[in-house]
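Subject: Handing over a structure with its ligand

Dear colleague,

I am passing this structure on to you, and my notes on what was found in it follow below. Please look through the sequence and the model first, and then read on.

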Amino acid sequence: MDKGLNDMKKPVRRVVIAGGGTAGWMAAACISKVLGKQLDIRLVESDEIGTVGVGEATIPTLLNFHNLLEINEQEFMAETKATFKLGISFENWRDVNQDYIHSFGLTGTDHWTAGFQHFWHKGRERGLASDYGDYCLELRASQQNKFAHLPHNGMNYAYHLDASAYARYLRKFSERFGVQRIEGKIVDVTTSALTGQIRSITLDSGVDIEGDLFIDCTGFRALLIGQALKVAYQDWSQWLFNDSAAALQTASVGDAVPLTRSIAHPFGWQWRIPLQHRVGNGIVFSSRHVEQDQALAALMGNIAGEPLMKPRVIKFTPGQRTQVWKGNCVAVGLSSGFLEPIESTSIHLIQRSIIRLMQMFPTDGIVQADVDEFNAQSSHEVEHIRDFIILHYKVNNRVEPYWQAARDMQVPASLQHRIDLFRETGRVFRVPNELFAENSWIQVMLGQGIMPLRHHQTADLMGDAELSHFLGAIKGQIDKTVAGLPAHQAYVERYCGVPK
Ligand code: FAD
């Protein structure tokens with residue numbers, strides 16, 4: 001057996017996590033919770049370099065991750081000053097002064113032959129239906145700034161959280177399970193000339209840290225997967241124009257809403273993420289379409305509270321590494337790729353990579369078939385999310401050059417097919433294992449302005465009276481539930497917060 005195969009077959013006992021942002025500490029928490037007794041886990045981070053400092057809106061899958069780690073929700077929310085999130089409010093996206101909400105949860109009730117959108121479409125034609133969103137509990141609750149945990153997980157939600165506090169929280173968690181944190185700057189990565197595997201990383205103190213498995217969580221720098229192993233980066237900027245962001249924290253004014261606000265601008269969009277103690281703000285823009293100063297001025301001109309810092313500019317290339325696992329290095333987080341934050345999918349992808357790694361953990365040595373499977377699953381997952389994000393840009397009625405160019409671009413065939421199918425038939429099919437379910441695609445397609453030309457004939461089997469009763473009963477039940485919910489702000493204060 002040659003030396004290369006021997007290296008791959010080496011049992012994994014020493015795990016080195018390079019980087020301690022959200023990705024690094026989520027990886028440390030999960031690996032240590034499950035395998036902390038068997039492994040030596042070290043995490044290297046540099047206070048001087050710091051983290052990207054954004055990434056504060058999540059999606060409901062984070063609850064699954066926390067369940068796996070047996071994290072107490074009240075404790076986690078108190079420590080990360082978190083609030084609840086029921087969806088994203090898209091303002092001015094389809095066109096100026098036209099808004100919609102992409103909410104979590106389901107809308108209406110499906111028939112096995114046809115989704116609820118077909119019945120709603122028929123109801124709309126007959127003048128019997130109101131807005132599509134009126135048939136979704138989470139959406140109606142978010143519009144009225146209300147929230148409560150409901151029995152049987154009756155309310156689908158996620159969190160807005162303080163990213164730095166989250167990393168601190170997970171650090172404490174991981175250290176309880178034996179993770180050793182090492183402060184220092186990585187200045188070199190040594191690979192074996194024979195096998196190409198990483199042998200060690202060297203810190204500015206001169207210390208060498210050897211490992212069997214390296215997890216690259218060094219953010220956009222991608223010190224291991226990119227700089228040392230030279231794994232190529234697939235650039236998707238032909239579809240995703242945004243390559244820059246500026247982030248800024250402001251004081252809270254008013255109650256925290258259970259929605260991420262996403263406000264479109266002529267050259268990008270702006271976010272507002274309400275936490276218990278402050279609001280996270282930022283603008284995401286295309287440097288091909290606007291000067292940085294102009295984008296910053298647009299951000300500063302549209303914030304509600306006192307700025308707590310100067311805006312921090314972040315540059316990125318939308319895309320994905322061609323391999324996220326190579327040899328004995330797995331890239332997790334921004335080192336593996338970044339689309340853009342419009343649907344808050346990055347933390348979800350971190351979580352998916354970690355869970356996938358746990359499922360294929362190479363305790364007895366790395367198996368190339370696992371590596372190939374890991375890479376294939378990762379790229380399919382990201383491609384579906386990429387398509388969903390591109391949809392937000394492709395379908396719009398805005399007049400500015402940025403939006404016109406987005407409308408005119410040729411999108412991936414997989415996305416064009418979904419758009420055509422929905423426009424022609426009202427049908428949406430979820431691809432196995434894809435993140436966004438039918439209701440997400442429908443809300444965004446309708447919200448951006450695609451109205452199907454027809455509906456499924458099952459909806460025509462209902463007469464007007466029956467359809468009206470069907471739609472009215474769903475809406476009536478939702479209105480009744482929402483009327484009984486407390487205000488989101490009051491609920492957060494009682495559940496996990498400090499009263500204002
Ligand atoms: P980082 O936070 O950059 O951490 C990198 C770590 O590596 C740090 O600890 C750093 O000190 C360390 N490091 C780097 N170089 C060295 C070195 N030489 N030596 C030692 N240590 C080193 N995601 C969401 O899910 N929701 C959102 O709302 C969202 N919004 C975003 C908005 C913007 C503008 C951007 C750019 C991203 C957003 N993301 C969002 C993505 C999210 O921020 C990241 O996925 C998440 O923070 C994880 O980042 P990371 O840990 O990979 O990298």
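The shell around the ligand takes at least three residues from each of two domains, domain 1 (3-56 + 162-234 + 318-366) and domain 2 (88-136 + 244-315 + 394-500), with the domain bounds coming from an automatic or database domain assignment. Please bear in mind that this is a predicted model, in which local features need pLDDT of at least 70 and side-chain atom pairs count only at pLDDT 80 or more, while totals for chains, interfaces and linings use all residues. Residues are numbered from 1 along each chain as its sequence is written, and side-chain values use heavy atoms, with hydrogens and water left out.

**The ligand and its surroundings**

There are 34 residues around the ligand, and those that come nearest are Gly20, Ala57, Ile186, Leu334 and Ile347; a residue is counted as near if one of its heavy atoms lies within 4 Å of the molecule. By type, the shell divides into 16 nonpolar, 14 polar and four charged residues, where Ala, Val, Leu, Ile, Met, Phe, Trp, Tyr, Cys and Pro count as nonpolar, Asp, Glu, Lys and Arg as charged, and the others, Gly among them, as polar. Helix 2 (22-35) and helix 10 (346-359) each supply at least two residues of this shell, and the largest share, three residues, comes from helix 10.

A polar backbone atom of glycine 20 is 2.9 Å from a ligand oxygen, a backbone N or O atom of cysteine 217 lies 3.4 Å from one, and an N or O atom in the side chain of serine 346 is 3.2 Å from one. Taken alone the ligand exposes 1,000 Å², of which the protein buries 97%; these areas come from the Shrake-Rupley method with a 1.4 Å probe.

**The protein as a whole**

The protein has 17 helices and 21 strands, which are DSSP runs numbered from the N terminus (helices H or I, at least four residues; strands E, at least two). Its C-alpha trace spans about 75 × 50 × 50 Å along the principal axes. The radius of gyration is 24 Å, which agrees with the value near 23 Å that a compact globule of 500 residues would have; the radius is taken over C-alpha atoms, and the globule rule is 2.2 Å times the number of residues to the power 0.38. Of the 500 residues, 57% are buried, meaning under 20% relative accessible area, with exposed meaning over 50% and partly exposed lying in between (1.4 Å probe, protein chains only).

**Individual residues**

Arginine 181 lies in strand 7 (residues 180-183) and is buried, with a relative accessible area of 18%. Its side chain makes polar contacts with the side chains of aspartate 47 (3.2 Å) and glutamate 183 (2.7 Å); such a contact is a pair of N or O atoms within 3.5 Å, and within protein one must be able to donate a hydrogen and the other to accept it, while residues adjacent in sequence count only if both atoms are side-chain atoms.

With best wishes
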